[in-house]
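Here is a short briefing on one structure. It covers cavities, a surface patch, salt bridges and backbone geometry.

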Amino acid sequence: MPGADTAALTSRTVGAVQTVAAALHRIGQSFWRTAFEHERNQLPLWLPVFLASGVALWFLLPWQGQRMAAAALCGGVMLAGVAARWRPLIVVGVLALAGMGAAEWRSRDVLHAVLTVRQIVALTGIVTEVELRPGRDQTRFLLRPDDPVLPRVVRISVKGKPPPGVVRGVRVTLKAQLTPPAAASFPGGYDFARRAWFAGIGATGYPLGPIAIVAPPPSQDGTLAWLAAARDRLTARIQGQIRGEAGTLAAAFVTGDQGAIPEDTAQTMRDSGLAHLLSISGVHIAVVVGGTMWLVRRLLTLVPWIALRWPVKTIAVAFAALAGIAYTILAGGEVPTVRTCLATLIVLIGIVLGREAFSLRLLAAGAFIIIAIRPEALLGPSFQLSFAAVVGIVALYESPIGRWLTTARAEEGLLRRLMRHGLSLLASGVVAELTLGSIGLFHFNRAGLYGIFANLIAIPLTSFVIMPSLILALIADVLGLGHLAYPLAGWSMRRLIDIADYTASLPGSVFVMPATPVFAYGIFIAGCLWLALWQSRWRVAGAAVAALGMALAATARPPDLIVSGDGRHAAVVLADGSLAFLRERAGDYIRDMWGDATAATAQPALVDLATARCTLDACVTDIARDGRRWRLLATLSRDRIDQPVFAESCGTADIVVSDRRLPGWCAPRWLKLDRTTLGQSGAVAIWFADRRVETVHERLGDHPWRPVPPPIVRRRTPAPKVAPPDWKTADPYG
């Protein structure tokens with residue numbers, strides 16, 4: 001019977017599907033068990049990765065609903081692991097959920113008021129911190145206002161040197177213009193508002209008149225106040241003894257204060273791949289701790305009675321640990337310094353116990369602690385750069401190639417040993433530069449190509465000349481002999497600057513790339529972690545994943561048009577890679593940020609283009625993309641706009657940009673980006689080819705440092721028919 005045949009066929013099909021599914025399940029289970037059996041010792045290294053994944057989800061998902069859905073997904077993964085009785089899956093779900101919870105808790109823990117509109121106010125309060133920035137001819141200080149209506153911390157910027165008497169702890173009064181902390185200047189760009197939120201800053205501004213001293217600073221009570229004052233005095237002392245940019249770099253090496261470094265010097269250090277030396281981390285801590293341990297041990301062994309009866313090694317380790325902690329506190333306790341200090345203390349404990357403590361597990365423990373306590377550090381370049389380089393180098397030396405490079409052989413001669421050490425140093429430089437350069441491209445859109453070779457000279461110079469000479473100078477300064485030791489320190493710092501200058505001046509020394517999409521960067525990081533953390537052959541698959549991320553980043557196109565959040569500035573990416581600005585007097589910040597994001601080769605003014613026609617009131621230009629011309633109309637003045645003069649121009653334009661509120665009868669064919677719309681969207685990036693529009697507020701969503709913006713309304717309202725305006729008749733495309 002046909003019905004019975006159909007039922008039998010269905011039964012056989014279902015049975016076959018179940019058999020195949022069961023076989024695939026057994027094969028997959030066998031594969032994963034075999035793989036994890038070989039990688040059992042590496043599994044703990046992934047704990048901070050899963051925790052960081054939850055933190056990244058919380059920060060990158062803009063809306064609360066999306067974050068709740070992600071949390072539900074993490075919970076589902078955990079329950080699936082419970083149902084399957086597979087512990088790794090449970091751990092993944094729990095840690096990712098914990099990462100999201102840590103980020104949410106931290107954001108609520110720093111909850112504070114944020115200014116919402118620009119205003120001019122009279123401020124009276126206590127200065128809590130002063131940051132000198134001679135390299136940028138600027139001084140910043142944090143002020144805690146007395147007025148409870150204002151944010152609890154305000155950052156004031158003053159051009160030039162600080163006003164006389166403005167120091168930490170002084171009470172001042174001033175009239176200032178305050179603005180909310182600035183959001184990103186383009187979608188996906190550097191977000192100062194997020195950084196200000198976690199730093200407790202609720203407004204920024206500048207004085208509109210003199211700053212008056214109301215009361216002098218109180219006596220420096222408390223350990224933290226004393227340390228801050230000591231750090232300031234030491235910075236000033238070093239810069240006074242070593243003049244010029246060498247002195248600013250020397251102060252950064254000792255106290256971590258980089259504010260006085262000239263901007264061109266800092267950029268040269270970045271372009272040469274030596275900027276990591278300015279952040280107190282591995283090299284600096286290693287020299288201080290290692291030098292202290294060596295010196296104390298040598299001094300104690302000079303006395304036979306002590307050497308035979310006392311635990312010299314343990315005493316030397318204790319002094320080295322104290323030196324490392326003191327240096328970390330003196331340097332201000334930044335993330336790289338704290339991370340390195342924690343790692344060093346664990347290494348010292350391992351030395352006392354007679355065990356090898358420096359490993360990827362040590363780094364994983366340090367990363368886990370920092371991410372759990374300060375989850376916002378995960379998104380900063382400091383955290384990523386400091387951990388990436390060390391993880392890459394340690395993974396290299398835990399691999400077969402690294403063990404071959406570091407294993408001494410009995411039959412090995414002096415020449416061969418030197419060659420092996422040279423290859424080891426070169427391999428370390430290659431790995432460090434690849435990791436640092438890749439992360440630098442994402443955060444700064446540029447990387448030095450010759451940093452490997454510069455570091456081969458700069459790191460030994462720093463380890464064996466710069467740091468010892470600075471330590472010697474500080475000791476001699478205490479004894480009143482600083483004038484004899486500071487010249488050597490200054491000479492060594494100038495040699496470091498010479499290396500940076502020469503490297504950065506070489507042809508093709510800097511590689512620039514447009515802003516990397518977040519998903520491409522995430523794929524690249526996942527591939528690098530896969531390659532570094534696993535030990536068996538399947539780790540090679542991580543290289544393919546990292547290569548995919550790099551390919552996606554390399555093929556990303558910059559936007560065709562960028563508009564600032566206030567509508568005053570707009571820039572068009574031209575076919576030759578240059579970035580044409582609407583206003584010639586666009587600020588350095590906007591030019592730098594947009595230029596880096598688009599990898600612009602030049603920055604002409606829009607008015608100078610052959611396709612643009614501008615008057616004192618407005619500018620119109622046609623942008624050719626993929627066989628079509630897009631018309632941009634932008635206002636330049638704030639004079640009254642008459643409907644008969646402007647309405648038809650709006651109607652013939654695809655996009656209208658203005659820093660003022662435009663009336664409803666101004667209806668372009670596609671987008672109207674005026675003050676009202678941009679106030680809801682923030683800065684805007686536009687890709688003409690696929691008619692894609694991204695906004696800053698869509699990226700930020702409803703995170704607490706940015707209010708929830710309504711979406712951009714993109715609809716066309718019919719404009720009245722009027723005669724063409726006089727200023728428009730000169731437009732060759734009109």
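The largest cavity is lined by H112, V114, P181, A193, A196, W197, I201 and W705. This is a predicted model. A search of the whole structure finds 2 cavities of 30 Å³ or more and 19 salt bridges. A nonpolar patch lies on the surface, with about 790 Å² of accessible area together.

**Largest cavity**

- The largest cavity holds about 40 Å³ of space.
- Its lining divides into 7 nonpolar residues, 1 polar residue and no charged residues.

**Second largest cavity**

- The second largest cavity has a volume of about 30 Å³.
- Its lining is made up of L561, A570, A571, V572, A580, F581, L582, L606, L632 and A634.
- Strand β10 provides the largest share, 3 residues.
- By class, the lining has 10 nonpolar residues, with no polar and no charged ones.

**Nonpolar surface patch**

- The patch is formed by W294, L295, L299, L302, V303, W305 and W310.
- Helix α9 (residues 282-301) gives the most to the patch, with 3 residues.
- W310 sits in the loop between α10 (304-309) and α11 (312-330).
- W310 has 42% relative accessibility, so W310 counts as partly exposed.

**Salt bridge within a helix**

- Side chains of opposite charge can pair when their charged atoms come close.
- R106 and D109 form a salt bridge, at 3.8 Å from N to O.
- Both residues lie in helix α4 (residues 87-109), 3 residues apart, which is about one turn of the helix.
- R106 is buried because its relative accessible area is 7%, under the 20% cut-off.
- D109 is partly exposed, at 46% relative accessibility.

**Salt bridges between separate parts of the chain**

- D146 and R171 meet through their side chains in a salt bridge of 2.6 Å, N to O.
- D146 lies in the loop between β2 (138-145) and β3 (154-159), and R171 in strand β4 (residues 171-179), so the pair ties together parts that are 25 residues apart in sequence.
- Both partners are partly exposed: D146 has 43% relative accessibility, and R171 has a relative accessible area of 25%.
- D654 pairs with R669 in another salt bridge, where the closest N and O atoms are 3.1 Å apart.
- This pair links distant parts of the chain, 15 residues apart: D654 is in the loop between α22 (643-652) and β15 (655-657), and R669 is in the loop between β15 and β16 (671-673).
- D654 is buried, with a relative accessible area of 1%, whereas R669 is partly exposed at 41%.

**Salt-bridge network**

- D690, R692, E694 and R699 are linked in a network of salt bridges.

**Positive phi at non-glycine residues**

- N445 is not a glycine, yet its phi is positive, at about 60 degrees.
- N445 lies in the loop between α16 (414-444) and β7 (446-448).
- The relative accessible area of N445 is 9%, so N445 is buried.
- R691 also has a positive phi, of about 50 degrees, although it is not a glycine.
- R691 is found in the loop between β17 (684-687) and β18 (692-695).
- R691 counts as partly exposed, with 43% relative accessibility.

Conventions
Residues numbered from 1 in each chain as written. Predicted model: local features only at pLDDT ≥ 70, side-chain atom pairs only at ≥ 80, totals over all residues. Heavy atoms only, no water. 1 Å grid on protein atoms, 1.4 Å probe; cavity = no way out; pocket = protein on both sides within 12 Å on 5 of 7 lines; lining within 4 Å. Points joined across faces, edges and corners; volume = space filled by probe spheres on them. Nonpolar A, V, L, I, M, F, W, Y, C, P; charged D, E, K, R; others polar. Helix = DSSP H or I, 4+ residues; strand = E, 2+ residues; numbered from the N terminus. Patch = residues over 30% accessible without salt bridge, like charges linked within 9 Å, V, L, I, M, F, W, Y side chains within 5 Å. Areas by Shrake-Rupley, 256 points an atom, 1.4 Å probe, with all protein chains shown as cover. Salt bridge = Lys/Arg side-chain N within 4 Å of Asp/Glu carboxyl O. Buried < 20%, exposed > 50% of the residue type's maximum accessible area, 1.4 Å probe, protein only.
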